[in-house]
Amino acid sequence: MAVTAAIQLGWLGTYGLREVATRCAQGAHYLYEHLMRLDGVEAVSTQPFFREFALRLSKPASEVIELMAERGVLAGLSVAELSAGADSSVGIDIERVLLVTVTERRTKAEIDHYVKSLQGALQG
């Protein structure tokens, strides 16, 4: 990871790296704000975040991941699968917790598509 960061810093420079970080944060917060408006979605934490956050869904995260994959969308990661079913930091119903990350490469249209896909997965 340190080598990757050094290469990226050397390639982008400090201004470019700052721009990448800003785009990640803006995209993540844009997505978060729109997801919080959906039925069946709640935040696991109210703590500040940079580009990733955890959601508690009305359905198991693994099911939602599969449904969104059918729509061509990478939903995120199931925290239950990442932690082998136990993680005291997310509290109860760990199987319904989804970890979502937004990178600088995601456009507004892609983020909006993610929101619609998640809404469809939760309703379907």
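**Exercise 1. Starting from F53, work out how the strands of the sheet are arranged.**

Solution. F53 has V100 in β4 as its bridge partner, where strands (E, at least two residues) and helices (H or I, at least four residues) are DSSP runs numbered from the N terminus. The model is a predicted one, in which local features need pLDDT of at least 70 and side-chain atom pairs count only at pLDDT 80 or more, while totals for chains, interfaces and linings use all residues. Residues are numbered from 1 along each chain as its sequence is written, and side-chain values use heavy atoms, with hydrogens and water left out.

The next step is to take the strand pairs one by one, two strands being paired if DSSP finds at least two bridges between them. β2 and β4 pair in the antiparallel sense over 5 bridges, and β1 and β2 pair, again in the antiparallel sense, over 3 bridges. Within β2, L57 is the residue that stands opposite V41.

The whole is an open sheet of 4 strands in the order β1-β2-β4-β3, with antiparallel pairing. Because β1 (41–43) and β3 (77–78) stand at the edges with a single partner strand each, one side of each is left without a neighbour in the sheet.

**Exercise 2. Describe the largest nonpolar core, and state which elements supply its residues.**

Solution. A nonpolar core is a set of buried Ala, Val, Leu, Ile, Met, Phe, Trp, Tyr and Cys residues joined through side-chain atoms within 4.5 Å; buried means under 20% relative accessible area, exposed over 50%, and partly exposed in between, with a 1.4 Å probe and protein chains only. The largest such core has 25 residues, and L31, L35, F53, Y114 and L118 are those that touch the most other members. At least two residues of this core come from each of α1 (2–35), β2 (52–57), α2 (61–70), β4 (97–101) and α4 (108–123), and the largest share, 6 residues, comes from α4. Another core, of 5 residues, lies apart from the largest one and has V79, V90, I94 and V97 among its members.

L35 can then be followed in detail, a contact meaning heavy atoms within 4.5 Å. Not counting residues up to four places away in sequence, L35 touches V41, F53, L55, Y114, V115 and L118. As background, nonpolar side chains tend to be buried together in soluble globular proteins.

**Exercise 3. Locate G76 and determine what surrounds it.**

Solution. G76 is found in the loop between α2 and β3 and, at 18% relative accessibility, counts as buried. Not counting residues up to four places away in sequence, G76 touches I65, L98 and L99. The C-alpha atoms of G76 and L98 are separated by 6.3 Å, although the two residues are 22 residues apart along the chain.

**Exercise 4. How many salt bridges does the structure hold, and how exposed are R56 and E42?**

Solution. The structure holds 5 salt bridges, each being a side-chain nitrogen of Lys or Arg within 4 Å of a carboxyl oxygen of Asp or Glu. One of them joins the side chains of R56 and E42 (3.8 Å, N to O). This pair links distant parts of the chain, with R56 in strand β2 and E42 in strand β1, 14 residues apart. R56 is buried, with a relative accessible area of 10%, whereas E42 is partly exposed at 44%.

Another salt bridge is that of D112 with K108, whose closest N and O atoms are 3.0 Å apart. Both residues lie in helix α4, 4 residues apart, about one turn of the helix. D112 counts as partly exposed at 21% relative accessibility, and K108 counts as exposed at 54%.
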